[in-house]
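Hi,

Here is the structure I promised to pass on. Have a look at it first, and then read my notes below.

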Amino acid sequence: MLAMRAVLEFENATKEYSSLFGRRHLRALDSFSLSVSAGEIFGFLGPNGAGKTTAIHLAMGFMRPTHGSGQLLGKPFGVPSAHRRVGFLPENVALYPRGAEELVRFYGALNGLSGQALRQRAGKVLNIVGLQDRSKGNVSKFSRGMLQGIGLAQALVNDPELLILDEPTSALDPASRVAVRELLLKMRAAGKTIFLSSHLLSEIELVCDRVAILHRGKLVRVGKTADLLETTERTEIVARGIALNAFSQTTAQDGVVRFVVSSGDQRAALERVWSLGGEVVSVTPERRSLEEIFLELTGNVKAAASGGQK
Amino acid sequence: MLIAINFVREQRWPILVLLLWVLLLAILGLTTSEARNGEDLLFVFKQVALYVVAFSVFFGSSAIYNDRRSRRILSVLSKDVKRSEYLSGLVLGITITSVIYSFALGLTGSWTLGEAGFRVGHIWFLMLCLVAACALAGTVALMFSTFLNPFIAAGATAAAMGIPAALSYGLGVSQLAYLIPVYPLAATVLKSSFNVPEKAFWFPILLAIAETLAFLLLSARIFSYVDIAVSVE
């Protein structure tokens, strides 16, 4: 099997911010290595201050790594010609105050588009983000969600191979979020790669093929979303034809009994169901939510629990 | 060019304020007797002309800062735009701004001062001096603003332009003023008069153009090492 081509790679990238006279150093990113393959939707997670935006800004060449390096579409970070094949949506998007279509065309022109192709592409992306009716409206009068839509449109105008999105749905209403999610899935189907930084873990869980979790500048977990969510430690068994008290902590509904056992006890539990004359309906490794994994890895379990109790 | 036009559009209100001064000169031209008040008109003309140099320093020192503070620079530099192209766009924008102003002032000056007996051809030469001075002053300010706060950058620019001129006076070495020839160019405008036959001295203009390019290259070099965005997390 051929290895997937990496479109975005960080190689031991470290970024330190120094105070004015270099007395204090803040290490925002610490020996960070990551490879994003072509055609995947990659989720990039981390609490505030984890270094996500720093990593993205390194990839876009806005800043230089203190140590290490990286590549964007096969070119070292900071080579602008690679940006022609990249769409970037910054966090808290800020745009020049002018008509939506005119603005999208301005950004398209910066990427070398011109003439009829640019006009068509601008119209198409405004249609994609649902703002075709507001194409003449000045973006300074747009709501935050609409601005986010224009930000997405300017990122898509050059039909990018790689889309880097920093909190793309943070200001969107639920319907717009669904639309963006569908757009991302369509883009993946078209062979595009999406690098998605978001706080909305449920969304990451829904669309991302792989996920990386960053904490205090270090990569603490990376892997396929399905693998991360699936734990082999506990298994849910659903059985029919056994008594509710046959196992501890069971729940029953419509004659079907559910209970969870540790993986080590799975075999014994199944044999017990059969020995009791019951029928096993399903055996499923228990899934955890990305939120649980995220909180566990970033050390916020207690905080989350105490927050929940309040 | 796109960045230059964008810059001019962004600065449309300061440009309009500048053009109000030109309007003032036009009103003075309408309401005074040129033959009697030619000297007064020339005084106002010189004063109004020099405002644009100060504005160019202001534009140059604040352009990058404004784009960074608003985070709009991220959307621009995330495209196929080199940092040197971005800076070139800003310098071109500052120059276009000064051309717009100088053209309006040149037209008004040709009409008002021309009627009072001032040689019209020389007014346009003075406008060229003004544009060259603005381009250089704006580029020096832009160069300082790549690594300094805009207020300090504006101060540093004033010092860079003023110290050679002060030294040339203090030491009596006139060539020193041409180190950064904004002052000699401004002085050409300031010293113009009805009485003295004026000669077009092109050297400072050519030097200013060459230095504008040199400072632009220096700015691009410095800016290529600067981290654009600070962490927002």
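In what order do the six strands of the open sheet in chain A come? Going across, the order is S6-S7-S8-S3-S9-S10, with mixed pairing. Two strands count as paired if DSSP finds at least two bridges between them, and helices (H or I, at least four residues) and strands (E, at least two) are DSSP runs numbered from the N terminus. At the edges sit strand S6 (86-89) and strand S10 (218-224) of chain A, each of which pairs on one side only. From one strand to the next, the twist averages 15°.

Before you go further, a word on what you're looking at. This is a predicted model, in which local features need pLDDT of at least 70 and side-chain atom pairs count only at pLDDT 80 or more, while totals for chains, interfaces and linings use all residues. Residues are numbered from 1 along each chain as its sequence is written, and chains are lettered from A and ligands numbered from 1 in the order in which they are written.

Back to the sheet. In general, strands of a sheet pair through backbone hydrogen bonds, either parallel or antiparallel. S6(A) and strand S7 (residues 162-166) of chain A run parallel and are joined by four bridges.

Helix H4 (residues 144-156) of chain A lies across S6 and S7 of chain A, at about 165° to S6(A). Helix H1 (residues 52-59) of chain A lies across strand S3 (41-45), S7, strand S8 (193-197) and strand S9 (210-215) of chain A, at about 145° to S7(A). For these angles, axes are lines fitted to C-alpha atoms, for helices over the stretch in contact, and the angles run from 0 to 180 degrees between N-to-C directions.

As for chain A overall, it has ten helices and 14 strands, and its C-alpha trace spans about 75 × 55 × 50 Å along the principal axes. Of its 310 residues, 39% count as buried (20 or more other C-beta atoms within 10 Å of the residue's own; exposed is 12 or fewer, partly exposed is in between, and C-beta atoms are placed from the backbone).

Now for where the chains meet: 21 residues of chain B are in contact with 31 residues of chain A (contact means C-beta atoms, placed from the backbone, within 7 Å). On the chain B side, helix H1 (2-10) and helix H4 (72-77) of chain B are the elements giving two or more residues. H4(B) gives the most, with five residues.

Next, some backbone angles. Most residues other than glycine have a negative phi. A:Asn92 has a positive phi near 50°, and lies in the loop between S6 and helix H2 (100-110) of chain A. B:Arg71, also not a glycine, has a positive phi of about 70°, in the loop between helix H3 (34-69) and H4 of chain B. Why does B:Arg71 count as partly exposed? Because it has 18 C-beta neighbours inside 10 Å.

Last, find B:Pro184 in helix H8 (residues 182-190) of chain B. B:Pro184 is buried because 23 other C-beta atoms lie within 10 Å. Leaving aside neighbours within four places in sequence, B:Pro184 is in contact with B:Ala177, B:Tyr178 and B:Pro204.

Cheers

Methods. Contact = placed C-beta atoms within 7 Å.
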